[in-house]
Amino acid sequence: MSNGTTRTGTGPTETTRIHNIGYRSYDGARLGRAYARRSLFAQSLRGAYGLGRSARSKVLPMILFAVMCVPAAVIVAVAVTTKMKELPLDYTRYAIVTQAVIGLFLAAQAPQSVSRDLRFRTVPLYFSRPVERVDYVLAKFGAMASALFVLTAAPLLVLYLGSLLAKMDLADQTKGFAQGLVSVALLSLLFGGLGLVMAALTPRRGFGVAAVIATLTITYGAVSTVQAIAYETGSPGAVPWLGLFSPVTLIDGVQTAFLGASSSFPGGQGPGTGTGVVYLLAVLALIAGSYGVLMRRYRKVGL
């Protein structure tokens with residue numbers, strides 16, 4: 001609609017003209033925050049594996065997924081061929097053995113999930129819609145944890161199906177498989193939260209990658225070295241407590257204390273039930289703390 005003023009004679013005469021420029025009201029259903037949150041979750045989960053993106057973006061996550069699954073397939077092939085009665089590698093040990101691959105996946109995909117939104121300043125655009133800060137954080141956190149769970153649970157499924165094919169004891173294998181799933185679920189939540197926090201601290205993807213690798217790899221190497229020194233110098237009692245200072249050893253300690261796993265600590269000195277409670281509380285505190293830090297981070301970004 002436009003308003004115009006025309007002059008006739010000595011006095012102004014106001015004339016109103018109405019123009020139909022095609023605007024129409026929206027009569028459809030308003031899908032709301034829940035739908036937007038689910039859509040953001042699905043888009044972020046697909047993006048972690050390069051789905052819906054260029055072919056180049058699919059290469060690294062798919063290679064890492066294959067690297068995670070191929071050893072499990074080899075183990076199954078050997079077990080079936082030689083007619084083993086049990087798998088040579090426990091379900092709960094698989095993620096610990098392959099933690100370097102998991103770290104590479106997280107370092108590559110966590111910055112991709114959040115750094116681009118920060119770099120291109122699209123976060124305020126999300127918050128201008130029904131999506132609120134809590135929706136954004138929950139969707140990103142859930143998507144990253146789910147992507148890691150798919151990565152770590154898939155080889156366990158291969159092992160489980162292979163054990164059934166090899167006619168191993170069903171009850172033992174089902175119990176071990178369930179314990180493995182609980183372990184990788186905790187790992188996925190812990191690693192996903194920490195990875196997103198590191199990546200969200202900077203809009204530069206390279207810095208995010210380096211921060212994630214440092215958080216997982218350097219801490220694990222440092223803690224393992226100090227544990228070995230403590231064990232060799234006659235202080236085995238300190239070994240379990242030192243494991244509280246690395247995400248990888250935290251998961252190792254929890255599954256040793258509560259999931260019947262064998263410990264990778266020097267001398268097999270894993271935490272007992274009492275110390276295991278401390279490990280579990282530390283894991284839960286880090287998961288909750290990661291969520292809290294992300295909420296605080298995006299409160300500032302959304303302004």
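**Close-up views of a predicted model**

**View A. Glycine 180 in helix 7 of the predicted model.** Glycine 180 counts as buried because its relative accessibility is 0%, where the cut-off for buried is under 20%. This glycine is found in helix 7. Leucine 156 is 24 residues from glycine 180 in sequence, and their C-alpha atoms are 7.2 Å apart in space.

**View B. The largest pocket and its lining.** Rolling a probe the size of a water molecule over the atoms shows where empty space is left. The largest pocket holds about 340 Å³ of space. Its lining consists of 17 residues, and those nearest the pocket centre are Asp90, Tyr91, Asp172, Gln173 and Gly176. Helix 3 (91-97) and helix 7 (170-200) each contribute at least two lining residues. Helix 7 has the largest share, with five residues. Sorted by class, the lining has six nonpolar, five polar and six charged residues.

**View C. The crossing of helix 1 and helix 6.** Two packed helices are described by the angle between their axes and the distance between the axes. For helix 1 (residues 32-48) and helix 6 (residues 133-165), the axes come within 8 Å and cross at roughly 35 degrees. The crossing is right-handed. Helix 1 makes the contact through Arg33, Arg37, Leu40, Phe41, Gln43, Ser44, Leu45 and Ala48. On helix 6, the contact residues are Val134, Asp135, Tyr136, Leu138, Ala139, Lys140, Gly142, Ala143, Ser146 and Ala147. By class, this contact has 10 nonpolar, four polar and four charged residues.

Methods. Residues numbered from 1 in each chain as written. Predicted model: local features only at pLDDT ≥ 70, side-chain atom pairs only at ≥ 80, totals over all residues. Heavy atoms only, no water. Axes fitted to C-alpha atoms, helices over the stretch in contact; angles between N-to-C directions. Helix = DSSP H or I, 4+ residues; strand = E, 2+ residues; numbered from the N terminus. Left-handed = near helix turned anticlockwise from the far one by under 90°. Contact = heavy atoms within 4.5 Å. Nonpolar A, V, L, I, M, F, W, Y, C, P; charged D, E, K, R; others polar. 1 Å grid on protein atoms, 1.4 Å probe; cavity = no way out; pocket = protein on both sides within 12 Å on 5 of 7 lines; lining within 4 Å. Points joined across faces, edges and corners; volume = space filled by probe spheres on them. Buried < 20%, exposed > 50% of the residue type's maximum accessible area, 1.4 Å probe, protein only.
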